[in-house]
Amino acid sequence: NRPAPRRSSTAFDPIQTAVFAARIMAIAEEMGEHLARLARSVSIRERRDFSAAVFDCDGHLIANAPHVPVHLGAMGETVRGLLRDRGDDLQPGTAWASNDPYCGGSHLPDITVIRPVHAGATRVAFVAVRGHHVDVGGSTPGSMPPASTHIEHEGLRFRNIPLAGPDGFTPPCLDGTRSPHELRADLLAQVAAVQRGDDGLQGLIEGMGVDGFTAQMRHALDAAERATTRLLTGMPGVHAATEVLDDGTPIAVTMTVANGRATIAIDAPPHPGNLNAPSAVARAGVLYVLRCLIDEPLPLLNEGSLRRVQIESTPGGMFDPQYPTAVAGGNVECSQRLVDALLRAVGAQAASQGTMNNLAMGESGENGARPWDYYETMAGGMGAHRHG
């Protein structure tokens with residue numbers, strides 16, 4: 001007879017947590033590779049503008065593949081938004097989609113597909129993938145209109161809609177998008193990716209037991225919190241810096257650190273155009289900076305690092321946009337300038353290039369022309385840091 005699987009202890013053990021971290025990160029990586037293989041668009045298949053991650057049953061980031069930081073730190077807000085809006089409807093085998101920037105999203109081309117993971121009737125985790133789609137409609141091809149001033153200028157927006165389940169694949173209405181067949185195929189690839197993630201976690205749960213699995217997620221969060229506490233304990237005081245956008249709009253940050261805790265105040269007025277970054281993007285920037293500053297091995301990058309941090313943004317400002325504020329450029333521009341400001345405030349690194357260099361082009365299909373679209377980002381340099 002096959003021996004029963006050995007159940008993991010629920011007590012904290014650094015080796016056991018490290019092994020768990022490696023296994024759950026491998027599942028996130030496999031989700032990403034599955035998505036890249038199945039996607040049709042160049043944006044996801046070749047540019048690899050996507051991210052995959054695992055979350056606990058409350059929607060806190062537990063583990064991610066080494067993908068796009070601005071996606072990974074923000075997706076927890078999207079999962080928690082799903083829990084708030086549709087918590088009673090989350091059944092095994094269902095997948096949900098959202099790109100709403102006022103509910104954890106970044107900008108409209110970034111669509112997140114989320115699947116709850118159940119052990120029996122109990123929800124124990126979530127898996128999610130976020131991908132940047134080449135076109136979701138809007139006033140210009142590529143859905144990144146440089147002159148947008150209203151969210152409706154930027155394309156299709158939806159919030160926590162069922163995408164796949166017992167009744168099959170049910171994508172939203174894609175009228176107005178310039179490549180509906182490609183968008184539909186990429187969404188289907190995201191559904192397959194989260195199913196692969198669910199399957200991987202089911203194997204992990206079977207081997208560890210539900211109690212061991214949930215305990216190790218908790219220990220991973222606690223380990224990140226302890227590392228952040230050690231970092232903050234060593235840098236007490238007030239750290240401040242200001243970055244200025246090309247049009248003169250300031251982004252001022254003040255980090256006040258005491259007793260192993262930090263309050264980060266982000267003071268930036270609302271932008272009249274689309275250089276507004278949702279609050280989830282600000283959260284992603286802070287998480288990324290903390291991980292860069294923690295000079296020690298961590299089993300996982302996760303939201304435990306934010307337990308000791310309070311983030312405050314100007315109400316209704318650049319990092320707290322409210323409907324119908326435009327946001328297309330904030331995710332790609334202001335997220336980088338926020339990171340620059342935070343790293344400069346603590347004297348860790350000179351400013352990087354501060355932009356993602358977005359290039360969008362295409363044809364809307366008017367006057368009988370064949371519609372097409374293309375979107376690309378181009379990497380740039382990184383600033384020097386204090387260690388070389």
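**Notes on a cavity and the ring contacts**

1. The lining of the largest cavity divides into 2 nonpolar, 3 polar and 4 charged residues (Ala, Val, Leu, Ile, Met, Phe, Trp, Tyr, Cys and Pro count as nonpolar, Asp, Glu, Lys and Arg as charged, the others, Gly among them, as polar). Among the lining residues are S41, H133, E182 and D373. The volume of this largest cavity is about 50 Å³.

2. A word on the source: this is a predicted model, where local features need pLDDT of at least 70 and side-chain atom pairs count only at pLDDT 80 or more, while totals for chains, interfaces and linings use all residues. Residues are numbered from 1 along each chain as its sequence is written, and side-chain values use heavy atoms, with hydrogens and water left out.

3. Now to the rings. The whole structure holds 2 aromatic pairs (ring centres of Phe, Tyr or Trp, the last by its six-membered ring, within 6.5 Å; planes under 30 degrees apart are stacked, over 60 edge-to-face, the rest tilted). One of them joins F20 and F213 edge-to-face, at 6.0 Å centre to centre and 70 degrees between the planes. F20 sits in helix α1 (residues 14-38) and F213 in helix α6 (residues 210-233), 193 residues apart. F20 and F213 are both buried (under 20% relative accessible area; exposed is over 50%, partly exposed in between, with a 1.4 Å probe and protein chains only).

4. Y102 and Y323 also pair: their ring centres are 6.0 Å apart and their planes at 85 degrees, so this pair is edge-to-face. Y102 has 22% relative accessibility and counts as partly exposed.

Key. Helices (H or I, at least four residues) and strands (E, at least two) are DSSP runs, numbered from the N terminus. On a 1 Å grid over the protein atoms alone, a cavity is a set of points where a 1.4 Å probe fits but cannot get out, and a pocket is an open set with protein on both sides within 12 Å along at least five of seven lines; lining residues have an atom within 4 Å of a point. Grid points are joined across faces, edges and corners, and a volume is the space filled by probe spheres set on the points.
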